[in-house]
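Subject: Handover of a structure

Dear colleague,

Please find below the structure that I am handing over to you. My notes on what was found in it follow directly after.

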Amino acid sequence: MASVHESLYFNPMMTNGVVQANIFGIKDWVTPYKIAVLALLYEMATTKSIALLDRRRLNKLILPLQQGPDLTFEQFLKTVKECCPRMVNAVKLRLFPMADSELQDMEHFFTILPNAFSDSEAFKTSVVGLFMRQMLLAYNKLSFSQVYKLFRSLQQYSHRGGRPQCDLSALTTEDMELTSNEDTSVDPMEKDELDMGALHHVSDLEVIRAYLLKNDENKAMKPAKLQDELNNILKFNPDFAEAHYLSYLNSMRVQDVYISTHSLLHYFDRLILSGGEGKSNGDEGYGRSLRYAVLNLATLHCRFGHYQQADLALQEAIRIAQEANDHVCLQHCLSWLYTLEQMKGSDSVVLTEDSVKMAAHFCLPYLASLGIQSLVQQGALQGMPANKLLDALRGTDIMHWKQSLSELIDISLAQTVLSTLTMARQQAQLLLNMNSLEPVNFGVQQNNTEPFAIALCHLAELHAEQGFYGAVTDIVKHLKQQFPPHTQHAKLWMLCDLKIQFEKAMNDGKYHLAEPHVTAISALNATEGLYRKAQLLKALNQTSDASRVLQRVQQLSEKNKNTEMIIRVMLATADLHWDSSGFATALPLLLQALALARQHNLQSLESETVLHLAFTQLMLGVPEQALALVQDVLECVLAHGSVLDKARALLLAARCQAALAATAPEEHRLRAVELCVETLGEAALYFSQLNCKQRLREVYYLQARLHHSLGNVSERNKSALLFRLLNQELPQSASAAVPLL
């Protein structure tokens, strides 16, 4: 199931679901492009004679212009001209005189800008009003040197039709100061522009690389190469906070505890020392950086499973946040507190509910929805009805779309992927084909997140269950390309691929090929690896060793509260009872597994348990009850089960029908045997899709016996020949056990 806190691992300065822009020292700054957008807004507000249709087009254009990337001046004018040609001239008349005259004209423009909207309610409440207020606030914070640099950039922008040579992000007055050591033969301002351009070129590269790590790790540089470049940068500029943060992200890719912790601490140290946080770069900014530094250290320890250190760091972050009365930071702490409890295997429902209530109280929709998603996960594990869980997800989805929380939309879809067969396919396709709501730059398509990996892995498992191994190969190949082995979500497809290969080898009876997969699975997931080892030992007829391994799996599953694995262990243990102590001893265990499956609404495992009960009753001599049990779950198995489940259910039904036909009256016996032959034919088709030769051998044997009783000599000989060929091909040693069900 998709981790609802996956996104927080790479967004340590998140507030209301939005990564704070100043995580790299980048704030909302004024650019020539944004001045052009402001000029357009001013002309729209002051010009009353715009045609209604043109005004509607312009209104639709404003939001993309605000939220999209900066356009060149030519692109901007072309976009406006497509909506209203008349407005292009008005914008030119506003910008060209401003750029051609003195600095005071640009200052005058920002002075009169609010007057055009003073009587408008939209200026106070709309997105346009928010944008204008942000720009005015950012402009008023600029020093004289920065204002002059903005004016020079506006001149270049409007006359050359291109971007400014460098940005104004994170520029300070000190950056603009001239020293006596400068070369007097070069214009001081031009020299400063060149120096700052080089500095921001490096900073922009770090932003791009961090963006790629966050949104498309496959397109980012390899970990070793990227770390070498970062080390070279830090060698000459050890106080470069952004490089330390990128080093932290890069180290997390390869699970390097030491370097990631070291880089994270250095990042916040440099951020605090540089005074880059807060309104006045004073105590408020210092304290805020310190709070989030401790919180991120806690999340780092959570990521690596250091629960005691994570708990200590969380308590420290909570203490500092309480002293500062920082409710947002406290909510993030509470969110990670219940996540930590879940990781430790403790019940965290109460903590999660408190987090949701407090997040809603403080109008933090991201954290509130995150908590609800976590409650849905816990509810699924505790056996809540699926309809209630889907209703809860549907309610949060409405908020996700309203707030454009695309990460949570992906997680919600990934959780519903793990449902019935048809719905799972639909939800997986919806997730994989959904366009991201996030602004995608640098040629990145946001498809390397955990929900996408889960959806693709689940599709691979669904295709494997239906015997489409060619499609499985294609899906896994795509996963390998999209999530290379060094990426953080590569373990998902690795484990998925290994489990599919193991099941295929077991179905083929090639146990020597399945054994290496057991070792590889154990390296990724100890519980899954032990369970597969028990399956292999049972197939090799090593029942005592298999029993000991199953006991270990039972202990691990109970500790981790893995109900699904607990039921699977019970079913495997019942299989061992069939081989050793008798069928009657398996009944209490199977009834316990059935009650547990129904309690937790695990329909697939419930059907499998009922089939085990039916086989047990058949072996105990009550085929009527056995057939009734099979018929109760046969419709569900045929609708949602795997090909192997369908084949096993039909084979069991045929066995029950054969047992009943033997005692049926003479006038009904012929029809009963013919029905049994038909059922065996359907089972043979399913077993053939998976190439289960051991099962096919059994089917052909039963078909030959039944055709003999019917007097169908040709069909009997055909089935007998197929049985003989498989019997010669398959091993006859006692070391390989024949599956009973």
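Tyr42, Phe109, Phe110 and Tyr139 form one aromatic cluster. Rings of Phe, Tyr and Trp (its six-membered ring) count as a pair if their centres lie within 6.5 Å; planes under 30 degrees apart are called stacked, those over 60 edge-to-face, and the rest tilted.

This is a predicted model, in which local features need pLDDT of at least 70 and side-chain atom pairs count only at pLDDT 80 or more, while totals for chains, interfaces and linings use all residues. Residues are numbered from 1 along each chain as its sequence is written, and side-chain values use heavy atoms, with hydrogens and water left out.

A search of the whole structure finds 13 aromatic pairs. One of them joins Tyr33 and Phe76 edge-to-face, at 6.0 Å centre to centre and with 85° between the planes. This pair links distant parts of the chain, 43 residues apart: Tyr33 belongs to helix H1 (residues 32–46) and Phe76 to helix H3 (residues 73–83). Helices here are DSSP runs (H or I, at least four residues), numbered from the N terminus. Tyr33 counts as buried at 3% relative accessibility, and Phe76 is buried at 0%. For these classes, buried means under 20% relative accessible area, exposed over 50%, and partly exposed in between (1.4 Å probe, protein chains only).

The structure also holds 19 salt bridges, each defined as a side-chain nitrogen of Lys or Arg within 4 Å of a carboxyl oxygen of Asp or Glu. In one of them, Glu43 meets Arg94, with the closest N and O atoms 2.9 Å apart. Glu43 lies in helix H1 and Arg94 in helix H4 (residues 85–100), so the bridge links distant parts of the chain, 51 residues apart. Glu43 is buried at 9% relative accessibility, whereas Arg94 is partly exposed at 26%.

Another salt bridge, between Arg319 and Glu323, has an N to O distance of 2.7 Å. Both residues lie in helix H15 (residues 307–324), four residues apart, which is about one turn of the helix. Arg319 is partly exposed, with a relative accessible area of 36%, and Glu323 is exposed at 60%. Together with Glu316, these two residues are linked in a network of salt bridges.

Finally, Lys504 lies over the face of Tyr469, 5.3 Å from the ring centre. Such a placement requires NZ of Lys or CZ of Arg within 6 Å of the ring centre and within 35 degrees of the ring normal.

Yours sincerely

Methods
Helix = DSSP H or I, 4+ residues; strand = E, 2+ residues; numbered from the N terminus.
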